[in-house]
Amino acid sequence: MSYALGIDSSTQSCSAIVIDTEAGKIVAEASVNFGEHLPQYQAPQGFIPDGPDGEVHSDPRMWLDALEMLLEALGKHCDLSKVAAISGAGQQHGSVYLNENWLDALASLSSEDSLSSQLERCLTRKTSPIWMDSSTGEECAEIAAAVGGNDQVCAKSGSIAIERFTGPQIRRFYKQDAEAYAATARIHLVSSFLCSVLCGADAPIDTGDGAGMNLLNIQSWSWDEDLLEATAPNLGGKLPAVQPGTTVAGQIAPYFVKKFGFAAETPITVFTGDNPSSLVGMGASKPGKLVISLGTSDTFFAAMPEVVADPNGCGHVFGNPTGGSMSLQCFVNGSLAREEVKDKFNYDWDQFTAAFTKTPIGNHGNVMVPFFRSEISPRIDLDAPILQGTEAFQNWEEPDAAIRACVEGQAINIKLCSDWMQLSPEVIYLTGGASRNDAIAQVIADVFQANVQRLAVSGSVGLGAAMRAADNSLSCRISDLENIFCQPEPGSTIAPQADAGAYDSLASAFSACLA
Ligand SMILES: Nc1ncnc2c1ncn2[C@@H]1O[C@H](COP(=O)(O)OP(=O)(O)O)[C@@H](O)[C@H]1O
Ligand SMILES: O=C(CO)[C@@H](O)[C@H](O)COP(=O)(O)O
């Protein structure tokens, strides 16, 4: 049997891909959009809107319901009993809090009932903070002070103390509700939570996703005692083991065998974060390739030959699921910022895209810092964009110029913030929902003065998971799978149209707006 299943539970949707490693083709794909298919959770974009004090949470029951809907849909396109290897990925940093009933509940799941109805009684925190949460500034400062400053936090964990990272989120929970914290027996990431559910047993956290917690030591790749202590009492005992991404976490639980027809004993490789998984699915797990993901967040990442920390404190070092490390820069104002500008003018994506043919490169000097919510790269508190240019532009009276300015501002910001990685690529590989947009891809090619390519398989997170599963459990090699599945979409290369230096003055104006 040669089928491998990869699952991607990201911010707005849960998707899956099944690859046939022998035939070298995709067998089935399916996707469940949280807002569209599970409206009862009132999370149109995958998170509960308007949380207080920068809180952004999601309901973990929604992720469970989506997983079931996904497998149901997938089973209509493919015989799931042929799947011989499974892995997956979750949006990074999000955490799930579970009580002492968790392990028993997992071990005794009945296929007569839903996962969410059987596991909700295990939740000690009804909703899960996710990566967009910025409520933990105070906790970050406390953790940094306790271990001797942010330089120490960064040297240990690969990032300074960061609001969305899981450690500060755990500390906030402990401070807000010490009783519920004490009743918490296990804290999982989205990735390890879903992996545990599939295994029917507690699964480890992998080094790729674990590094996004401010708790994992990136030299030893094990929980760091000082960071654990600085975060919350008895935390070590509440965390699962950390394991490399090449670990098999367990076998599929009887629940999924009975309900969806998987073969008993199908091995499950430890899940990772969506970005580390995408690194694999983009064929970029060895150093040399640079990826920009335009998902809910925009991210810029690459496998690194050695651990390099961002001197400005905005970038991160995560584990590479195939070994070694990767660097990543995350931009909160990604797709949702582009959508805000589009929706401001009641445009659809075609009208949004057409705006680029009606405006020139450089936008006559009109520049936008397109931050609709506090940005982390660079760290700045804003709840509305800064516009600088003609009066009409500043008054949002020029829709096409505003759209170009949003995307140019984003691309310039990505370039400025990723300079620390010292990568000057000839080719940038694009993935994520917005990567299908040629106009956005063209701006990235122009700003970076590099060719831009997309791969023929668009779901790089799920693909990366399927490839890791196949590498671990089907005797396939990642490099061979890359040759088959990670090939550029024919004719997709977008070359720069702008001259080198065309964006120099706009980049200076952008920086000046932030000064
Ligand atoms: N044609 C398009 N042009 C630009 N952006 C698009 C287009 N189609 C979809 N998107 C964006 O893709 C985003 C979803 O990307 P996706 O990678 O699926 O998100 P995530 O993995 O974070 O759940 C949407 O928020 C939407 O703004
Ligand atoms: O916070 C980060 C990375 O550090 C985000 O990239 C999340 O991992 C969410 O990913 P998407 O849903 O936007 O792909």
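Predicted model: local features only at pLDDT ≥ 70, side-chain atom pairs only at ≥ 80, totals over all residues.
**Ligand 1**

Around ligand 1 stand 15 residues, of which Gln12, Thr296, Glu339, Gly433 and Asn437 are the closest. Sorted by class, this shell holds three nonpolar, ten polar and two charged residues. Because domain 1 (3-275) and domain 2 (284-454 + 477-515) both give residues to the shell, ligand 1 lies between them. Oxygen atoms of ligand 1 are approached by polar side-chain atoms of glutamine 12, threonine 296 and glutamate 339, at the distances listed in the table below. On its own, ligand 1 has 590 Å² of accessible area, and the protein covers 81% of this area.

**Ligand 2**

The shell around ligand 2 comprises 13 residues, with Thr11, His93, Arg164, Asp274 and Ser297 as the closest. Its composition by class is three nonpolar, eight polar and two charged residues. Domain 1 (3-275) and domain 2 (284-454 + 477-515) each supply at least three residues to the shell around ligand 2.

| Side chain | Ligand (oxygen atom) | Distance |
|---|---|---|
| Glutamine 12 | Ligand 1 | 2.9 Å |
| Threonine 296 | Ligand 1 | 2.5 Å |
| Glutamate 339 | Ligand 1 | 2.4 Å |

Strand β16, which spans residues 290-294, is mostly covered, with five of its five residues buried. In a regular strand, side chains alternate between the two faces of the sheet. In β16, Leu290, Ile292 and Leu294 point one way while Val291 and Ser293 point the other way, and all of these residues are buried.

Strand β16 pairs with β17 (residues 298-304) in an antiparallel arrangement through five bridges, and a hairpin of three residues joins β16 to β17. Within this pairing, serine 293 has threonine 299 of β17 as its bridge partner. Strand β16 also runs parallel to β24 (residues 427-431), to which four bridges join it, and here isoleucine 292 stands opposite leucine 430 of β24.

Methods. Residues numbered from 1 in each chain as written. Chains lettered and ligands numbered in written order. Heavy atoms only, no water. Near = heavy atom within 4 Å. Nonpolar A, V, L, I, M, F, W, Y, C, P; charged D, E, K, R; others polar. Domains from an automatic or database assignment. Polar contact = N/O pair within 3.5 Å; in protein donor to acceptor, adjacent residues only side chain to side chain. Areas by Shrake-Rupley, 256 points an atom, 1.4 Å probe, with all protein chains shown as cover. Buried < 20%, exposed > 50% of the residue type's maximum accessible area, 1.4 Å probe, protein only. Helix = DSSP H or I, 4+ residues; strand = E, 2+ residues; numbered from the N terminus. Pairing = 2+ DSSP bridges.
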